[in-house]
Amino acid sequence: MDTHHVELPVSRAEAVRRAVEHVVAGDDAVLCVGFDAGAVLDNVSDVLAERRLRVLRCSASGQGGLSLSGLLAQITGRPDLGSHDDEVLQRGFQALTTHGEDCDGVVLLIEGAQALQRSALRYLQFIGRTTPGPRFVLASEGGEPDLYDVGLTFLRTRLAAMPVLVVAGGVGGVPLLPGTAS
């Protein structure tokens with residue numbers, strides 16, 4: 001069974017350090033943040049930007065979660081994208097997989113990961129399966145992404161390989177990701 005192991009609550013600075021360490025090593029990072037996940041991801045983004053990594057950022061914390069169209073609009077910087085035709089899917093693929101001479105990889109930071117809709121999760125799984133990048137940093141202020149769909153086995157297994165970094169302060173009662181134990 002796919003399970004996460006949970007790092008005991010660590011300080012914000014320590015969570016940022018460990019998340020960056022995982023990403024620089026070529027892995028993903030999963031953060032459970034009791035409040036202000038955006039600020040934690042700001043810190044992670046600032047450090048990663050100094051490491052020859054192109055950082056993309058999106059938020060699933062809006063009402064209704066984050067659909068595939070919303071994900072693509074955010075990662076491509078095109079808020080006018082309202083559908084997911086072939087051109088839009090290709091733009092998203094390029095944004096997530098193409099890195100130039102000035103960087104060594106792409107990192108996607110997702111705030112409110114528990115609110116990713118299944119279509120967005122399947123797209124991320126497709127990207128993760130077909131290319132060596134990007135690396136994912138998922139931050140959740142509560143709840144968990146729904147990774148139990150049979151079609152999401154690869155993504156669930158990939159993320160379960162990484163520890164859940166619980167950020168101390170305000171995390172009481174926040175559910176952890178699937179398969180975690182306190």
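Reply: For the contacts (heavy atoms within 4.5 Å), the figure is 77%. A word on ground rules: this is a predicted model, where local features need pLDDT of at least 70 and side-chain atom pairs count only at pLDDT 80 or more, while totals for chains, interfaces and linings use all residues. Numbering runs from 1 along each chain as its sequence is written, and side-chain values use heavy atoms, with hydrogens and water left out.

As for the fold, the chain reads β-α-β-α-β-α-α-β-α-β-α-β, which comes to six helices and six strands. Those are DSSP runs, numbered from the N terminus: H or I over at least four residues for helices, E over at least two for strands. Out of 182 residues, 47% are buried, meaning under 20% relative accessible area, with exposed being over 50% and partly exposed in between (1.4 Å probe, protein chains only).

Now the rings. Phe 93, Tyr 123 and Phe 126 make up the cluster, and the structure has two aromatic pairs. Rings of Phe, Tyr and Trp (its six-membered ring) pair if their centres lie within 6.5 Å; planes under 30 degrees apart are stacked, over 60 edge-to-face, and the rest tilted. Phe 93 and Phe 126 are tilted, at 6.3 Å centre to centre with 50° between the planes. That pair ties together distant parts of the chain, with Phe 93 in helix 4 (residues 86-97) and Phe 126 in helix 5, 33 residues apart. Phe 93 is partly exposed at 21%, and Phe 126 is also partly exposed, at 42%. Tyr 123 and Phe 126 give another tilted pair, at 6.5 Å and 35°. Both of these sit in helix 5, three residues apart, about one turn of the helix. Tyr 123, at 8% relative accessibility, counts as buried.

Leaving out residues up to four places away in sequence, Leu 108 touches several residues, including Leu 56, Ile 75, Leu 124 and Phe 136.
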